[in-house]
Amino acid sequence: MQFGYARVSKHYDQDTTLQLKALQDAGAERVFTEHASGGRWDRPELQKMLDQLREGDVVVVWKLDRLSRSLKDLLHIMEHLSARGAGFRSLTENIDTTTPAGRMMMQMVGAFAEFERAMIRERTQAGLEQARLEGRVGGRKRKLQPQQEREILEMVQSGRRTAAQCARLFGVHPSTVTRLLQRQETA
């Protein structure tokens, strides 16, 4: 039996339509669809599919990175398939592990895919560092303005209010006030 596996990240603008069409055209008899990061191992539909594999079954994916984002996990999945006597096909990369050449090609493509992700990660880190050097800071907007932080510090330190009271007064989570107080102590 041919099992198809289609996955997209949790981004709302992504869907599996293209993958599902390709898997159907390739002869997948049962398709498992997932909306989760490929870097996570705890994907219920993937686990469900792997649990149902029997000897002679083939797992078909539209593209290699739909199955996994890391070479380590990809190789782990391939070992699982091999232990069950199942094969693997990737339509885009034209890999078929039911042949010796396909097994070798899968390992090479997996290594290149991991290298590409590492390069993207490295470029992203370099871009973030450059932005920091230019004074641009990413991340979530601060919950409290500097003036509000000074007011909270003054109220708590003078004993007029507790940290919990200040959190309610300024509409923030108590841990926000706790972190502010901790930063002040270490400064």
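Reader: How much space lies in the second largest pocket?

Author: About 200 Å³ lies in that second largest pocket. Keep in mind that this is a predicted model.

Reader: Okay, and which residues lie nearest the centre of the second largest pocket?

Author: Look for M78, S82, T97, R103 and M106, out of 13 lining residues. Two or more lining residues each come from α4 (71-83), β4 (87-90) and α5 (100-133). The biggest giver is α4, with five residues. Sorted by class, this lining has six nonpolar, five polar and two charged residues.

Reader: How do I read a pair of helices such as α4 and α5?

Author: In general, you describe two packed helices by the angle between their axes and how far apart the axes are. Here, the axes of α4 and α5 come within 9 Å and cross at roughly 155°. Angles over 145 degrees count as roughly antiparallel, so α4 is roughly antiparallel to α5.

Reader: Which residues make the contact?

Author: On α4, pick out L71, K72, L74, L75 and M78; on α5, the partners are M106, Q107, G110, A111, E114 and R117. That contact has six nonpolar, two polar and three charged residues. Notice that M78 and M106 also lie among the residues nearest the centre of the second largest pocket.

Reader: What about the largest pocket: what volume does it have, and which residues line it?

Author: Its volume is about 260 Å³. The lining is R140, K141, R142, K143, L144, E149, T176, R179, L180 and R183. Helix α8 (residues 174-186) provides the largest share, four residues. By class, you get seven charged, two nonpolar and one polar.

Definitions and conventions. Residues numbered from 1 in each chain as written. Predicted model: local features only at pLDDT ≥ 70, side-chain atom pairs only at ≥ 80, totals over all residues. Heavy atoms only, no water. 1 Å grid on protein atoms, 1.4 Å probe; cavity = no way out; pocket = protein on both sides within 12 Å on 5 of 7 lines; lining within 4 Å. Points joined across faces, edges and corners; volume = space filled by probe spheres on them. Nonpolar A, V, L, I, M, F, W, Y, C, P; charged D, E, K, R; others polar. Axes fitted to C-alpha atoms, helices over the stretch in contact; angles between N-to-C directions. Parallel < 35°, antiparallel > 145°, perpendicular 65-115°, else oblique. Contact = heavy atoms within 4.5 Å.
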